[in-house]
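Dear colleague,

Please find below the structure that I am handing over to you.

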Amino acid sequence: DAERALAAQRTLEREMAQMAKDRAAAMDKAAAAEKLAAAADAAAAAAEAAEAEAAEADKSIAYMCSAFCISVFCIDEAFESRSRDFLQATFALYPDKEYIVITLPHAATEFPLLNLFNQVEPKPSSSFGHLLYLFHRDALLGPLQVRMATKADEDSARALTKNLTTRMQLNEVFSRATVERDPDSADADDSGERAFMAVVAGQAVGIALLQRSVDVDLLQAQYSLEDFLLMSEHAAAQHVELLGFVINPIFARSSRYFLKEVLRQLLASCMYYRVGKNMPIPDVLSEFVQVRPRAQITVSETLEAELRKDHGEEPDTTAARRPLTQPADKALFFLTRKLISEPKIVNNTRIVVVGTSDTALAFLEALVSVPYLNFTSLYLLAPHAGEKLLEPRGVLQLDDGAAGAADTGAATTAPFFSRSCAYSPCELAALNLGARVRLIDGKLIDIDRTRKAVVLPDESIVPYDFLVVAPELGDASVGKLLDADAAGMRGVFSLSDDDAALAARTFLQTAAGANGGEGKVVVYGAVADAYCTLEALRTRGVPPSELLLVTPPRREGEPADAFGDPKILAAVHAQMKSLGISLLQDHKLSGVEADGACLLSAVSLDGPDGHVLQRARMLLCCDVPDVDRSLFRAFNDNSIVYDGRLVVDAAFRTNDAAIYAAGQLTKFARRFRAKLPSRMCCGREAGAKLAASLLSAIDALSATDEPDKPPAFTQPTKLAATLPGGLSFFRVLPPVVNADCYDEVVKHKSFGRELVNDLTDRVDETGAPLDGWSLTTMRLDKFGRVSSLAYVGKAPVETENWGRLIGLHESALNHLAARFDEGLVTDMPAFLRQNWAMAVFHDRFAEFRAALRDEIQADDDFKQVLEQMKAAAAQSERPMSPAEFVHKLPKEKQALVRTRLTEYVQTNQNQLSMYLLESSGIMKKMEDKDLRKV
């Protein structure tokens, strides 16, 4: 009993001590709370005092508005040119004001008075429905005077450029241009740099720096100048290049007059301006017309060496390539004396483009290339918009510097995605769309159709007058096949875009994703991106033995394999087997399992033989691309019709007349009964047609009748990829239904034959491909025209060249079919690299064919023979060959094609100098050396 009493007493003492501690802790908390409350009260009091003090200070500050607004302006059309006379009088009414302000709705047309005002660039998220124009009273000072700059103007030039990031370069050019030259010296020629000053009331307000010597031949080879200029009317000495242009913003509207005076004083007729990557964009750029870059011919190393030798260069030197293979690296703008007197039409329509697909880029390219329009409110909304305007998907690498790996082979890592080859990095650099388009790095999550605004993740908005939706599609397997928990599971990735690929690469570098993890790295999908992902993982350190490719069963309406050719698929699978990559076919992803740390541990698959549970540490889904879920919700929540794809009419409009769409995201409405799926349409061609449709709605000069049926697509689709083992894959298909389904193609009535060049036996003892390992298939229709091309090999092929072969007759390819049957074509890629093919690969060969076709169709003799050919075809006789067709023509007409072809080669001698013509440089050298035989 005593022990029990003692224990009870000790327990009571402990409880009382604990109660005392709790009481003390509560008191401490209460005291702390009181201190916090007191501090909060003190802070609130201090804030109130500060606000009161600021309000008191505001009362003592005299705010002054230095502008007045013109709210109504009316003038008879006959006197519009005298609108400037009003400004002097209005400033006289308000002598204390410095600026005039005018606002104008985006949809309104600018009136002549606004030609004197500067438009203020709005913020992208501004919801203000009008544009703002400013005019400063100093712009009414004496006329702008333009003169040649001298050394004495150097301080004035430095004052104008002191706040510019390029001030050092501009000042250096200005110093060189104003050096006094001795008229009798060798440097006194008229081909160097020149500087001009714009002066108002004795004060320098602008400078223009120019280069008199311009390599016009190089510009002609790199850009489509002949689309705008008749070069014979512009002497070589009349071409100048603008190196820099700076003007006081108050006098920015006088820039056109400034340039006009520069051309007059230099006796020049054409001015160029080149804008490169990350270069500042001057306001005067809107006065220029952009020229599209020309597609360049890719030549073999042998021909490259021959051309260098012909141009006096050593074959083994590192001299710059000739224009034949030297692509442009900057955007080119030009202005002529005629254009400078024809101001552009300013279009302030707010056009917001969502996505950076080939369709979106082609749409923007078409708009900025309209020579008579100046779009002031073009917006591109996409994640990493700036990077995507320089590197397309399949080349872009956000973190490991592997850009261009698939094209050059110089990098050690491969991209996760295939590429469409519609735009190359060089072509995007030469377009430099960022110079004319405002970029918004973000993502569309909602559309406010009532307010005509796009909602971004941070709840900011981007107003629009027309919304153009053309995003890139990506994998959506995780959201479709798995539950919501799988999306947050570590190690599970849906490779929908470059951000998803970056997240996968980041996880791969962790302990869970590296070799320390357990299980396979599973890639799920049967499209080309899945095979690209295998190579991307292999080149990033994942052992091939730990890679597993799972292909789902074929779904209705989809091609049987990723490459559209079972022979290429078998060759790729054989290469995967030799590397040690596992393959599991016809299994559908049904679930995933995770450990206690929410880390992927296993993948559930359903196949022909039942359920399979595969241990895995990573799952990367790369299946058939689909729309982003947030974008789909934006459509669905706003009642925009979506029927498997976004539904558009024949003019690419959705059920909202202000929202346009094109590309793989879309499908034409069922009432049109269009059978061609969007995946078989060239994205670049779709973008151009979309631009033409929108232009007819916003530009009176481009207006056309409402189309009653969808446009026809004629350009082929291209696909390139880097496959396991570093293999290069390339495919060109026509815009035909089921052109990517091999079984359907060979059964079609238009199918002729297939030329297969199999060099896959060139392997070493381990089965690894050697140099020259390749498999090439070329399909011809029953008329002998090339209908499709596919290639897989150790070395990449010339994608630009091969893309131009679709639709050509095999006889135009040096009688390819006959030579193939004779066994003379043992290596088809090497055969297509020979010198004879360069004229076929030229970017103007298609124009030559079209012009020749029009001439032939208008000739009576050709018409007569053509009727005979049609009659023979109707009687099911053997089709007439091109040689037989020409033989039936009169002798004087038989030489027509040869004559026109000679003229075509002669006209393009700057890029086709390897052909022997009397006007070619090679022939002249032969004559000089007496090597030509008479």
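The model is predicted, and the protein averages a pLDDT of 85, with 87% of the residues scoring at least 70. Here pLDDT is the predictor's confidence in each residue, on a scale from 0 to 100. Because this is a predicted model, local features need a pLDDT of at least 70 and side-chain atom pairs count only at pLDDT 80 or more, while totals for chains, interfaces and linings use all residues. Residues are numbered from 1 along each chain as its sequence is written, and side-chain values use heavy atoms, with hydrogens and water left out.

Two stretches call for caution. Over residues 183–188 the pLDDT stays under 50, and the model has four contacts beyond four places in sequence for them; a contact means heavy atoms within 4.5 Å. Over residues 316–323 the pLDDT also stays under 50, and there the model has 14 contacts beyond four places in sequence.

**The open sheet and its helices**

Helices (H or I, at least four residues) and strands (E, at least two) are DSSP runs, numbered from the N terminus. Two strands pair if DSSP finds at least two bridges between them.

Five strands form an open sheet in the order E16-E15-E13-E20-E29, and the pairing is parallel. Strand E16 (438–441) and strand E29 (659–661) are the edge strands, each pairing on one side only. From one strand to the next, the twist averages 20°; angles run from 0 to 180 degrees between N-to-C directions, and axes are lines fitted to C-alpha atoms, for helices over the stretch in contact. Within the sheet, strand E13 (residues 351–354) and strand E20 (residues 466–469) pair in the parallel sense over four bridges. Ile351 has Phe466 in E20 as its bridge partner.

H8 packs on this sheet, where it touches E13, strand E15 (378–382) and E20, and its direction makes about 155° with that of E13. H18 lies across E13, E20 and E29 and runs at about 160° to E29.

**Two helix pairs**

Two packed helices are described by the angle between their axes and the distance between the axes. Helix H8 (residues 358–368) and helix H18 (residues 683–698) pack at an angle of about 45°, with their axes 7 Å apart. H8 is therefore oblique to H18. Angles under 35 degrees count as roughly parallel, over 145 as roughly antiparallel, 65 to 115 as roughly perpendicular and the rest as oblique. The crossing of H8 and H18 is right-handed; a crossing is right-handed if the near helix is turned clockwise from the far one by less than a right angle, and left-handed if anticlockwise. Among the residues that meet are Phe363 and Leu367 in H8 and Leu690 and Leu694 in H18.

Helix H3 (residues 154–161) and helix H4 (residues 167–177) pack at an angle of about 160°, with their axes 10 Å apart. H3 is therefore roughly antiparallel to H4. The contact involves Glu154, Ala157, Arg158 and Thr161 of H3, together with Arg167, Leu170, Asn171, Phe174 and Ser175 of H4. The crossing of H3 and H4 is right-handed.

Why is strand E6 largely enclosed by the rest of the structure? Eight of the eight residues of E6 (residues 193–200) are buried, so the strand is largely enclosed. Buried means under 20% relative accessible area, exposed over 50%, and partly exposed in between (1.4 Å probe, protein chains only). Glu193, Ala195, Met197 and Val199 point one way from E6, and Arg194, Phe196, Ala198 and Val200 point the other way.

Strand E5 (residues 145–148) pairs with E6 in the antiparallel sense over four bridges, and Gln145 stands opposite Val199 in E6. E6 also pairs with strand E7 (residues 203–211) in the antiparallel sense, over eight bridges. Val199 has Ala204 as its bridge partner in E7. E6 and E7 form a hairpin with two residues between them, and Ala201 in the turn has a positive phi of about 55°.

**Two buried residues**

Asn801 is found in helix H20 (residues 799–802) and is buried, with a relative accessible area of 2%. Beyond four places in sequence, Asn801 touches Gln296, Ile297, Thr298 and Phe841.

Phe862 lies in helix H25 (residues 860–874) and counts as buried at 2% relative accessibility. Phe862 and Leu889 are 27 residues apart along the chain, and their C-alpha atoms are separated by 7.0 Å. Leu889 is also one of the residues that Phe862 touches.

Yours sincerely
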